[in-house]
Amino acid sequence: MAYEVTATRKRPQIFDNLVGQEFVVSTIKHAIEQGRIAHAYLFSGPRGVGKTSSARILARALNCEQGPSANPCGVCSNCREITQGNNVDVIEIDGASNTSVNDIRQIKDEVLFPPQASKYKIYIIDEVHMLSTSAFNALLKTIEEPPAYIIFIFATTELQKVPATIRSRCQQFHFQLIDIDLIKSCLLEAAAEMEVQADEDALFWIAKESTGSMRDAYTLFDQVVSFSQGHITMEKISSKLGLVGIDQIVAIVSHLLENKTSQALHAVQDLLSAGVSVEQCIKDFTQFFRSLLFIKAGVVEDAILGIQSDRIPLSLRNAYTTEQLEAALELFLKLYRDIRYSLNPRFELELAVSRLASLTHIASPTALVRKIAQLREELLSGSVKLPVRKLEVQPELIATQAFVEPKIKAEASSSVVAISSAVPTTPPPGKKEATARDFKEQDLPLLVSKLSSAPLLSQVAQAITGVHTEGESLTLTFST
Ligand SMILES: [Zn+2]
């Protein structure tokens with residue numbers, strides 16, 4: 001028997017084999033059983049999730065010689081011909097290559113002729129959103145008043161591009177992305193049928209990469225089978241497809257957490273030397289930090305995490321705050337956007353890894369505000385005792401007539417501040433010599449006015465109630 005790709009071999013032939021679309025399946029089956037058959041169906045949803053397969057199953061269900069039946073027999077000539085795609089009464093049209101109004105006019109002419117060997121003449125139009133506006137208008141009249149034997153089944157990945165006038169005349173079914181665990185179990189089944197051994201983490205990776213599309217999963221599966229020599233493992237996938245394994249990322253991030261940046265950078269060099277592309281490295285880092293962020297938020301399902309969480313050591317899961325993980329994720333997402341314009345994408349990656357080393361020091365504005373509020377609370381409640389501090393006062397802020405000395409140190413203790421000039425000054429030529437010694441109480445208003453650009457200092461100066469000079473030191477008394 002000729003080789004058949006898995007996606008074709010596993011294409012569902014009955015509604016019950018259509019995975020992950022239970023709502024669609026049960027609704028259509030129920031309608032057929034009750035004899036409520038519409039003249040136009042619209043299947044929308046992402047690619048590779050079963051829209052075209054469902055259209056063919058529906059065509060069989062309607063035209064099976066035993067039917068209409070929710071469970072077409074699969075053996076009558078109609079069923080077999082529809083499966084093979086050569087039934088005269090089921091016409092499949094690719095909307096992407098038949099977009100013109102003339103193509104639709106041809107359909108309009110054809111629908112006047114009844115089916116040759118079946119109950120219904122069925123048109124399956126794939127990617128229907130690609131039709132031109134005039135083609136849609138031409139189609140509309142046919143959908144509005146179709147002959148009783150005509151049925152249209154439209155499929156589209158872009159529902160929003162299908163005019164509302166068409167949509168409102170169709171029975172609509174929305175197909176969903178297929179759950180990662182469901183895809184994995186289908187792959188397991190396919191591997192068993194092909195007598196191929198497959199590691200669980202490898203199948204999980206294929207399922208994850210297919211992002212909810214069964215067809216993509218089978219296509220990737222076939223590719224992996226072709227180089228796996230009877231046993232699919234993650235190691236083979238990583239080396240053949242040039243991926244960064246989760247263990248390698250864990251190792252790099254662990255080095256960074258232990259402040260061993262040079263080892264982390266060496267590990268990145270090793271990856272690139274092994275043929276992993278910079279782009280792939282960034283993708284895998286992005287996936288990793290996304291998973292850590294989700295774990296931090298309490299998500300436990302591997303299917304959502306996109307990673308087998310037991311592969312990440314506990315120490316690493318608790319190493320970062322949510323803000324830090326968000327920053328890391330942002331760093332790599334931005335990096336992916338930026339490398340297109342980069343002088344050297346490799347340098348960009350190395351820079352990002354180097355930056356990751358300081359990830360644990362990152363605090364978000366929210367975290368900072370929270371910390372400041374907490375400190376304020378502690379200070380006000382008196383639970384924190386402040387030690388005596390040395391204040392460095394900016395000279396330009398207090399350089400008044402009396403304060404020509406550029407560097408003045410103030411020592412704060414309770415409500416009394418002692419300011420002493422460091423050395424006797426040598427004034428610039430032409431300026432009057434003045435030191436702290438000359439500062440008098442009547443100079444206070446001038447000091448306050450000079451401090452207007454520094455509100456906090458100005459407030460402090462206004463609270464001065466007494467000035468006393470002795471030798472080189474000046475003592476200020478404050479009202480408390
Ligand atoms: Zn049949």
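Trainee: How many helices and strands does the secondary structure of the chain come to?

Mentor: Keep in mind that this is a predicted model. The chain has 480 residues, and 42% of them count as buried. Its secondary structure comes to 22 helices and 12 strands.

Trainee: What is the arrangement of the donor atoms around the zinc ion?

Mentor: Start with the ligands: the SG atoms of Cys64, Cys73, Cys76 and Cys79 coordinate the zinc ion at 2.2 to 2.3 Å. The 4 donor atoms subtend angles of 102 to 120°. Four donors count as tetrahedral if all angles lie between 85 and 135 degrees, so the arrangement here is tetrahedral.

Trainee: And how are the donor residues of the zinc ion spaced in sequence?

Mentor: Read the donors in order: Cys64, Cys73, Cys76 and Cys79. Written as a pattern, the spacing is C-x8-C-x2-C-x2-C.

Trainee: Is Cys64 buried or exposed?

Mentor: Buried means under 20% relative accessible area. Cys73, another zinc donor, has 31% and therefore counts as partly exposed. Cys64 has a relative accessible area of 0%, so Cys64 is buried.

Trainee: On to salt bridges. Which residue forms a salt bridge with Lys29?

Mentor: The structure holds 15 salt bridges. In the one formed by Lys29, the closest N and O atoms are 2.8 Å apart. Lys29 sits in helix α2, while its partner is 13 residues away in the loop between α1 and α2. That partner is Asp16.

Trainee: Does Lys29 count as buried or exposed, then?

Mentor: Look at both ends of the pair. Asp16 has a relative accessible area of 49%, so Asp16 is partly exposed. Lys29 has 14%, and because the cut-off for buried is under 20%, Lys29 counts as buried.

Trainee: How many residues apart are Asp338 and Lys334?

Mentor: Their side chains meet in a salt bridge, at 2.7 Å from N to O. Both residues lie in helix α17, and their separation is about one turn of the helix.

Trainee: Last one: in the hairpin of β11 and β12, which residue takes a positive phi?

Mentor: Strands β11 and β12 run antiparallel and are joined by 6 bridges. The hairpin has 2 residues between the strands, and the residue with a phi near 60° is Gly471.

Methods:
Residues are numbered from 1 along each chain as its sequence is written. This is a predicted model: local features need pLDDT of at least 70, side-chain atom pairs count only at pLDDT 80 or more; totals for chains, interfaces and linings use all residues. Side-chain values use heavy atoms; hydrogens and water are left out. Donors are N, O and S atoms within 2.8 Å of the metal (3.2 Å for Na, K and Ca); water is not among the atoms, so sites may look incomplete. Four donors count as tetrahedral if all angles lie between 85 and 135 degrees; four count as square planar and six as octahedral if opposite donors are over 155 degrees apart and all others between 65 and 115; anything else is irregular. Buried means under 20% relative accessible area, exposed over 50%, partly exposed in between (1.4 Å probe, protein chains only). Two strands pair if DSSP finds at least two bridges between them. Helices (H or I, at least four residues) and strands (E, at least two) are DSSP runs, numbered from the N terminus. A salt bridge is a side-chain nitrogen of Lys or Arg within 4 Å of a carboxyl oxygen of Asp or Glu.
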